[in-house]
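Hi,

Here is the structure I promised to pass on.

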Amino acid sequence: MNAKILKQTGSAVLPLLKEGFDPDGKKEMARRVEVTAALEGAGATPWLREILPQAKKDVRAAVIEALGNDPDNIPLLLDLSKSERGNNRDAVLKALAKQDGEAVQSFWTAETDRKPEHVEFLKDSKTDWASDLAASSLRALLEDALPKDGRLVLITSEGVSAFKSCRAAILGKASPAMLDCWRWIDQHFDLLKTLKSDTSLRFRLGDELESWLLLSLCT
């Protein structure tokens, strides 16, 4: 709550946020980074770059995500995508999801080819290429789930998780590729609506797709 309040106070609080800052600290230091980035935007880049080498754990993830507020940090973020792991790499993905440009598009194409569920990070992107990647990821998951040799297979928990990740990315996106994806879904809907998880997961693909289309239209 204090962090939310401080984001509304203006730049006068910045010296206090940076005074005694510990890049090896815990969540309270990560919140200082979050508030500073919210107040300064791209202007926080010099300070973020200065503390990045010493930043650890929650603080490092906060610093990396904050670097996404400045397009000049794209080369650095692309380098970090190769070396960071776990929560820190998720922070890189969140930062790169805010960016645009040929290099960023190429990165996300490769990333979603490797892990279609990572398209979830592009949920707030308004670019056509992000919409195209969301459509491609959803189509790939749907095609993989279609019955093979006439045999119905239950959607696994991993599959349900991947579909839900795609859901976050497709809402409100309407590039030509996304519209084509919905047309393909319509053509195959009788078969797709037969797919479901086991009873405990309560996931019926047909019901979900109908809901997602309505939500997407509203969005």
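Let's start with Asn88, which counts as buried because its relative accessibility is 16%; buried means under 20% relative accessible area, exposed over 50%, and partly exposed in between, with a 1.4 Å probe and protein chains only. Before going on, a word on the source: this is a predicted model, where local features need pLDDT of at least 70 and side-chain atom pairs count only at pLDDT 80 or more, while totals for chains, interfaces and linings use all residues. Residues are numbered from 1 along each chain as its sequence is written, and side-chain values use heavy atoms, with hydrogens and water left out.

Back to Asn88: you'll find it in helix α7 (residues 86-96). Helices here are DSSP runs of H or I with at least four residues, numbered from the N terminus. The side chain of Asn88 makes a polar contact of 3.4 Å with that of Glu84. For a polar contact, take a pair of N or O atoms within 3.5 Å; within protein, one must be able to donate a hydrogen and the other to accept it, and residues adjacent in sequence count only if both atoms are side-chain atoms. Not counting residues up to four places away in sequence, Asn88 also touches Lys57, Arg60, Ala61 and Ile64 (contact means heavy atoms within 4.5 Å).

Lys57 itself sits in helix α5 and is exposed, with a relative accessible area of 71%. Its phi is near 45 degrees, a positive value in a residue other than glycine. Arg202 has a positive phi too, near 55 degrees. You can find Arg202 in the loop between α12 and α13, and it counts as exposed at 75% relative accessibility.

Next, where is Asp70? Look in the loop between α5 (57-66) and α6 (74-83). Asp70 is buried yet has no salt bridge, and the nearest side chain of opposite charge, Arg49, is 6.5 Å away. A salt bridge needs a side-chain nitrogen of Lys or Arg within 4 Å of a carboxyl oxygen of Asp or Glu; for charge, Lys and Arg count as positive and Asp and Glu as negative, with His and the chain ends not counted. A polar atom of the Asp70 side chain does lie 2.9 Å from the backbone nitrogen of Asp72.

Now the core. The largest nonpolar core has 64 residues, and Val33, Trp108, Phe163 and Ile185 touch the most other members. Such a core is a set of buried Ala, Val, Leu, Ile, Met, Phe, Trp, Tyr and Cys residues joined through side-chain atoms within 4.5 Å. Helix α9 (residues 128-145) gives this core its largest share, 9 residues.

How many aromatic pairs does the structure hold? There are 3, where rings of Phe, Tyr and Trp (its six-membered ring) pair if their centres lie within 6.5 Å; planes under 30 degrees apart count as stacked, over 60 as edge-to-face and the rest as tilted. Phe107 and Trp108 are edge-to-face because their ring centres are 5.4 Å apart and their planes are at 80 degrees. Phe163 and Phe203 are stacked, at 6.0 Å centre to centre and 25 degrees between the planes. Phe163 lies in helix α10 (residues 157-170) and Phe203 in the loop between α12 (189-192) and α13 (205-218), so this pair ties together parts that are 40 residues apart in sequence.

Cheers

Notes. Helices (H or I, at least four residues) and strands (E, at least two) are DSSP runs, numbered from the N terminus.
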